[in-house]
Amino acid sequence: MRKVIGIGETLLDIIFKDNKPVEAVPGGSTFNAIVSLGRVGADAFFVTEIGDDHVGALVRSFLSSNNVCTDYVLEQGLEVARVVGFPR
């Protein structure tokens, strides 16, 4: 089976309902694509940098639970970018 390798940034999407934050989930365009491929059984790898903090651990766990290899997810002294979106 061929490997699929995604390279990109990782964001933390903050989901709001009724003007209140209700959930925070990892995201990003390449991140979302590689997670979808992992969910359908592709041999998926993701190359990115994450923070050495709670959010970084959340990102790594999310990837692993969606069958994405995290061997190339590098922990740095960074903070994961947060994205805030409001439904219309």
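A note to myself before starting: helices here are DSSP runs of H or I with at least four residues, numbered from the N terminus. The model is a predicted one.

Entry 1, the end of α1. I checked what comes after this helix and found Gly-41, with a positive phi near 95 degrees.

Which residues of helix α1 are buried? Within residues 29–39, I noted Phe-31, Ile-34, Val-35 and Gly-38. They span an arc of only 105 degrees around the axis, so they sit on the same side of α1. I then asked what covers them, and my list includes the strands β1 (3–7), β3 (20–27), β4 (43–51) and β5 (68–69), along with helix α2 (54–65).

The largest nonpolar core holds 14 residues. Phe-31, Ile-34, Phe-46, Val-59, Leu-63 and Val-68 have the most contacts inside it. At least two residues of this core come from each of β2, α1, β4 and α2. I followed up on Leu-63: leaving aside residues up to four places away in sequence, Leu-63 touches Phe-31, Val-35, Phe-46, Val-68, Thr-70 and Val-73.

Is Thr-10 buried or exposed? I found Thr-10 in the loop between β1 and β2 (11–17). Its relative accessibility is 6%, and the cut-off for buried is under 20%, so Thr-10 counts as buried. Its side chain makes a polar contact with the side chain of Thr-48, at 3.2 Å.

Technical notes: Residues numbered from 1 in each chain as written. Predicted model: local features only at pLDDT ≥ 70, side-chain atom pairs only at ≥ 80, totals over all residues. Heavy atoms only, no water. Buried < 20%, exposed > 50% of the residue type's maximum accessible area, 1.4 Å probe, protein only. Arc of directions from axis to C-beta. Contact = heavy atoms within 4.5 Å. Polar contact = N/O pair within 3.5 Å; in protein donor to acceptor, adjacent residues only side chain to side chain. Core = buried A, V, L, I, M, F, W, Y, C linked by side-chain atoms within 4.5 Å.
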